[in-house]
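The structure is shown first.

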Amino acid sequence: HRLTATTLMNMGSACGDLGQHDAAEEYLEQALSILQDRLGSSHTTTALCLNNLAVHHMRRGSQSHYVRAVQCLETCLSVQLKVFGEHHPDVVRSHHNLGSCWTKLDNAEKAEHHLRQALDIGLFVHGEQHVAIGFIHSAFGELLMTLNRFEEALTQYSQSLAIRQAR
């Protein structure tokens, strides 16, 4: 049942916050299975569960977990684009998370693509001073640091700081 899946997602998030990563993953995988069976793979709630599972993998921090996060996020983004269209906050979040994953996986081209998408769509959806835009600028800064593009990184970090200080 859908409410069971929602409860399992919540339990997975709570376990993740407690550092109980194996239990978190088990709950999130159970929730995803139920949602795919009951609602289908192209439902927004299924996409939300995929996002939660991806965030779980990102928190684990290993290369294999980032690969798994990318798989979840690419499926999630595909659903979001079909259901919501390009200009939606969830699409911004998925592009941002994909950009962060690709940065950790040392694929600068894919990271920059997704972070650019997140920033462009995010500016359209949220405006220049939204906290989400600050996080995207910060992620861009991290990517640029890995590429030794320090002046550009500083610009991104400065934009992030300005947004945070304005709040």
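In this predicted model, the side chains of D90 and R93 form a salt bridge, with N and O 3.6 Å apart. Both residues belong to helix α5 and are separated by 3 residues, about one turn of the helix. D90 is partly exposed, at a relative accessible area of 21%, and R93 is likewise partly exposed, at 30%.

R149 and E112 form another salt bridge, in which the closest N and O atoms are 3.6 Å apart. This pair connects distant parts of the chain, 37 residues apart: R149 sits in the loop between α7 (131–146) and α8 (150–166), while E112 belongs to helix α6 (residues 108–126). R149 has a relative accessible area of 26% and is partly exposed; E112, at 27%, is partly exposed too.

A further salt bridge joins the side chains of E25 and R60, at 3.5 Å from N to O. Because E25 lies in helix α2 (residues 21–38) and R60 in helix α3 (residues 44–60), the pair ties together parts that are 35 residues apart in sequence. Buried means under 20% relative accessible area, so E25 is buried at 13%, whereas R60 is partly exposed at 29%.

| Salt bridge | N to O distance |
|---|---|
| D90 and R93 | 3.6 Å |
| R149 and E112 | 3.6 Å |
| E25 and R60 | 3.5 Å |

Helix α5 also takes part in a helix packing. Two packed helices are described by the angle between their axes and the distance between the axes. For helix α4 (residues 63–84) and helix α5 (residues 89–104), the angle is about 155 degrees and the axes are 9 Å apart. Angles over 145 degrees count as roughly antiparallel, and α4 and α5 are therefore roughly antiparallel to each other. Their crossing is left-handed.

On the α4 side, the residues in contact include Y66, V70, L73, L77, L81 and F84. On the α5 side they include V91, L98, C101 and W102, and also D90 and R93. The residues of this contact divide into 12 nonpolar, 5 polar and 4 charged.

Terms used:
Residues are numbered from 1 along each chain as its sequence is written. This is a predicted model: local features need pLDDT of at least 70, side-chain atom pairs count only at pLDDT 80 or more; totals for chains, interfaces and linings use all residues. Side-chain values use heavy atoms; hydrogens and water are left out. Axes are lines fitted to C-alpha atoms, for helices over the stretch in contact, and angles run from 0 to 180 degrees between N-to-C directions. Helices (H or I, at least four residues) and strands (E, at least two) are DSSP runs, numbered from the N terminus. Angles under 35 degrees count as roughly parallel, over 145 as roughly antiparallel, 65 to 115 as roughly perpendicular and the rest as oblique. A crossing is left-handed if the near helix is turned anticlockwise from the far one by less than a right angle, and right-handed if clockwise. Contact means heavy atoms within 4.5 Å. Ala, Val, Leu, Ile, Met, Phe, Trp, Tyr, Cys and Pro count as nonpolar, Asp, Glu, Lys and Arg as charged, and the others, Gly among them, as polar. A salt bridge is a side-chain nitrogen of Lys or Arg within 4 Å of a carboxyl oxygen of Asp or Glu. Buried means under 20% relative accessible area, exposed over 50%, partly exposed in between (1.4 Å probe, protein chains only).
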